[in-house]
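Hi,

Here is the structure I promised to pass on. Have a look at it first, and my notes on what turned up follow below.

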Amino acid sequence: MNKLIWAVLAVVLMLMTAGCVVPEVGDFQITNSDGTTTALFGDAEKIVLLNSNAGEILYLLGEEQRVIGISQSIANNAEQRMMYSEAKIIGAWNEPDVEYLISMGADVVLAYSDAKPKNAEVLAAANIPVVYVDCTKPETMVSDIREMGKLVGKPERAEVIAAFYTEVMEEVRSASMLASTHHTIYAESYTAWFGQGTDTGMGQLISWTFGQNIMQDSGAKKLSDEWVVTSNPEIIVKLVNSMDNADAALREIEDRRGFYRVSAVQNEKVWLIRNDLTYGPRSCAAAVALFKMEYPGIQFDLTPEGVLAEFNKRFGTDFETEKVTYPAL
């Protein structure tokens with residue numbers, strides 16, 4: 001008998017024994033990044049990951065052993081695959097194999113609130129709750145970390161992680177306030193010509209440091225070369241999945257049509273930054289890197305490498321601490 005039938009029978013039984021008083025929905029609720037809530041029945045012992053950033057929080061909480069399934073995209077990332085070496089691949093991040101999830105006895109699926117699975121309704125019909133805690137953007141990072149702590153019963157540990165993130169971000173914010181001039185910035189996704197809008201993780205980091213994002217739209221959007229050249233950004237930041245062939249990747253940007261006229265190219269203010277650091281709990285290191293790109297004249301003791309090293313020390317992780325940007329800051 002599948003999970004949906006069991007759930008229906010349980011509700012009927014409760015109504016009969018409680019004098020037809022409607023019971024509470026779920027044992028507890030998780031507040032998603034978009035403000036909605038997801039009700040959970042029982043403990044989240046078997047978790048399926050479609051969201052690698054939420055998965056990283058699980059890893060920091062010491063609860064990675066709960067992960068029984070991961071998306072193909074997570075499996076393709078060597079660092080992320082290492083965290084969940086025993087987990088099975090359950091299909092695409094935006095359309096997991098529901099039948100497989102049922103057969104695995106999945107308790108909950110972790111997904112992105114702004115990119116919900118195409119078969120979310122099928123998951124709901126199969127009585128598999130979906131939690132949309134992003135763990136990607138500064139504006140919801142602390143609350144997302146706390147919700148992940150609630151999910152696995154480790155609120156105190158979650159507060160420690162949130163406190164470190166907040167500590168670094170507040171230092172960056174305070175130092176950014178000292179700047180008398182703020183720069184225009186073009187942040188490009190790992191896909192060429194896709195700008196990072198104001199509500200993306202990178203877009204929010206730019207706002208946090210009082211930078212001026214030339215792309216004021218939301219989300220990631222393909223831009224034309226003419227538009228970027230005309231906007232004349234003073235800083236260009238390119239997100240990359242790997243620092244392999246970094247010099248060639250940097251030259252590709254500088255050699256684009258018309259870019260010789262762009263201020264960032266003329267003044268050697270073009271950087272590559274590791275994409276994995278612009279989202280998730282380690283994005284506080286990216287905030288430090290962005291600050292140093294924008295305000296090299298302001299004395300600031302933190303470095304992105306130092307933040308990552310402290311991150312590893314505090315939480316017992318072994319994340320890469322070097323090659324944060326190219327050129328190095």
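Before anything else, a word on contacts: two residues are in contact when they have heavy atoms within 4.5 Å. Please also keep in mind that this is a predicted model, in which local features need pLDDT of at least 70, side-chain atom pairs count only at pLDDT 80 or more, and totals for chains, interfaces and linings use all residues. Residues are numbered from 1 along each chain as its sequence is written, and side-chain values use heavy atoms, with hydrogens and water left out.

**Lys137 and its surroundings**

Leaving out residues up to four places away in sequence, Lys137 touches Asp114, Asp199, Thr200, Gly201 and Gln204. Lys137 sits in the loop between S9 and H7. (Helices, H or I of at least four residues, and strands, E of at least two, are DSSP runs numbered from the N terminus.) Is Lys137 buried or exposed? Lys137 counts as buried because its relative accessibility is 15%; buried means under 20% relative accessible area, exposed over 50%, and partly exposed in between, with a 1.4 Å probe and protein chains only.

Helix H9 covers residues 201–208, and six of its eight residues are buried, so the rest of the structure largely encloses it. Just after H9, Phe210 has a positive phi of about 65 degrees.

**The cysteines**

The loop between strand S9 (130–131) and helix H7 (138–151) also holds Cys135. Though not a glycine, Cys135 takes a positive phi of about 55 degrees. For background, most residues other than glycine have a negative phi, and most peptide bonds are trans.

How many disulfides are there? With a disulfide taken as a pair of cysteine sulfur atoms within 2.5 Å, the count is zero. Cys135 is in no disulfide, and its nearest cysteine sulfur, that of Cys284, is 13 Å away.

**Other backbone spots to look at**

Asn232 has a positive phi of about 50 degrees although it is not a glycine. You will find Asn232 in the loop between helix H10 (225–231) and strand S14 (235–240), where it counts as partly exposed because its relative accessibility is 32%. A cis peptide bond links Tyr326 and Pro327, with omega about -10 degrees, and Pro327 lies in the segment after S16.

Glu322 is in the loop between helix H14 (304–315) and strand S16 (325–326). At 45% relative accessibility, Glu322 counts as partly exposed. Neighbours within four places in sequence aside, Glu322 is in contact with Arg274 and Glu305. Glu322 and Pro304 are 18 residues apart in sequence, with 8.7 Å between their C-alpha atoms.

**The largest pocket**

The largest pocket holds about 1400 Å³ of space. On a 1 Å grid over the protein atoms alone, a pocket is an open set of points where a 1.4 Å probe fits, with protein on both sides within 12 Å along at least five of seven lines, and lining residues have an atom within 4 Å of a point. Grid points are joined across faces, edges and corners, and the volume is the space filled by probe spheres set on the points.

The lining has 40 residues, and Ser52, Tyr190, Asn241, Asn275 and Tyr279 lie nearest the centre of the pocket. Helix H2 (52–60), helix H3 (72–75), helix H4 (78–83) and strand S11 (194–196) each give at least two residues to the lining. By class, the lining has 12 nonpolar, 16 polar and 12 charged residues; Ala, Val, Leu, Ile, Met, Phe, Trp, Tyr, Cys and Pro count as nonpolar, Asp, Glu, Lys and Arg as charged, and the others, Gly among them, as polar.

**The whole protein**

The protein has 14 helices and 16 strands. Buried residues make up 49% of its 329 residues, and its C-alpha trace spans about 75 × 35 × 35 Å along the principal axes.

Happy browsing!
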